[in-house]
Amino acid sequence: MNESITYALKVIPNDKEIPCHLSELKKDDLFYLVQASKKSELLIATDNAFQSDVNGQTIWSVPHEIHA
């Protein structure tokens with residue numbers, strides 16, 4: 001089985017980054033998405049994270065856009 005761990009690095013005051021589960025992200029949070037050890041561009045959540053069920057697995061999604 002080839003699975004990679006996906007998590008977020010939430011940006012908090014003083015530009016510190018803290019690791020968190022995608023479910024913890026809320027609208028207007030700034031974050032980096034980390035997948036397969038690769039960090040995305042800086043993103044902003046456009047809505048709260050939500051979960052869906054895909055083939056019996058819970059999948060977390062965060063509506064977002066690239067932060068300008």
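## Strand pairing, core and loops in the predicted model

Ser37 counts as exposed, because its relative accessibility of 74% is over the 50% limit. The description that follows refers to a predicted model. Ser37 is placed in the loop that leads from strand 3 to strand 4. Its phi lies near 65°, which is a positive value in a residue other than glycine. Ala36, in the turn of the hairpin that strand 3 and strand 4 form, likewise has a positive phi, of about 50°. In this hairpin, 2 residues lie between the two strands.

The chain as a whole contains 8 strands and 0 helices, and reading along the sequence gives the pattern β-β-β-β-β-β-β-β. The radius of gyration is 12 Å, close to the 11 Å that the globule rule gives for 68 residues, so the chain is as compact as a globular protein of that length. The C-alpha trace spans about 40 × 25 × 20 Å along its principal axes. Of the 68 residues, 24% count as buried. The accessible surface of the chain comes to about 5100 Å², and carbon and sulfur atoms contribute 49% of this area. Among contacts with a separation of 6 or more, 25% are accounted for by residues 24 or more positions apart.

Strand 3 (residues 30–35) pairs with several other strands, including strand 1, strand 4 and strand 5. With strand 1 (residues 6–12), strand 3 pairs in the antiparallel sense over 5 bridges. Within this pairing, Lys10 has Phe31 as its bridge partner in strand 3. Strand 3 and strand 5 (residues 43–45) also run antiparallel and are joined by 2 bridges. Here Phe31 stands opposite Leu43 of strand 5. Phe31 therefore has a bridge partner in each of two pairings, since two strands count as paired if at least two bridges are found between them, with Lys10 on one side and Leu43 on the other. The antiparallel pairing of strand 3 with strand 4 (residues 38–39) likewise consists of 2 bridges, and in this pairing Val34 is set opposite Lys39.

The largest nonpolar core comprises 10 residues, among them Phe31, Leu33, Leu43 and Ala45. Strand 3 and strand 5 each supply at least two residues of this core. Other members of the core include Ala8, Cys20, Leu22, Leu25, Ala49 and Val62. For Ala45, neighbours within four places in sequence being left aside, the contacts comprise Lys26, Lys27, Asp28 and Asp29, together with Phe31, Val62, Pro63 and His64.

Asp28 counts as exposed, since its relative accessibility is 52%.

Asn48 lies in the loop between strand 5 and strand 6 (50–54). With a relative accessibility of 37%, Asn48 counts as partly exposed, because this value falls between the 20% and 50% limits. When neighbours within four places in sequence are left aside, Asn48 is in contact with Leu25, Lys26, Lys27 and Pro63. For Lys27, the backbone nitrogen lies 2.8 Å from a polar atom of the Asn48 side chain. Pro63 is 15 residues away from Asn48 in sequence, and their C-alpha atoms are 7.2 Å apart in space.

Ile66 is placed in strand 8 (residues 64–66). Ile66 is exposed, as its relative accessible area is 51%. Not counting residues up to four places away in sequence, Ile66 touches Glu41, Leu42 and Leu43. The C-alpha atoms of Ile66 and Leu30 are 9.5 Å apart in space, with 36 residues of separation in sequence.

Technical notes: Residues numbered from 1 in each chain as written. Predicted model: local features only at pLDDT ≥ 70, side-chain atom pairs only at ≥ 80, totals over all residues. Heavy atoms only, no water. Helix = DSSP H or I, 4+ residues; strand = E, 2+ residues; numbered from the N terminus. Core = buried A, V, L, I, M, F, W, Y, C linked by side-chain atoms within 4.5 Å. Buried < 20%, exposed > 50% of the residue type's maximum accessible area, 1.4 Å probe, protein only. Contact = heavy atoms within 4.5 Å. Polar contact = N/O pair within 3.5 Å; in protein donor to acceptor, adjacent residues only side chain to side chain. Rg over C-alpha atoms; globule rule 2.2 N^0.38 Å. Areas by Shrake-Rupley, 256 points an atom, 1.4 Å probe, with all protein chains shown as cover.
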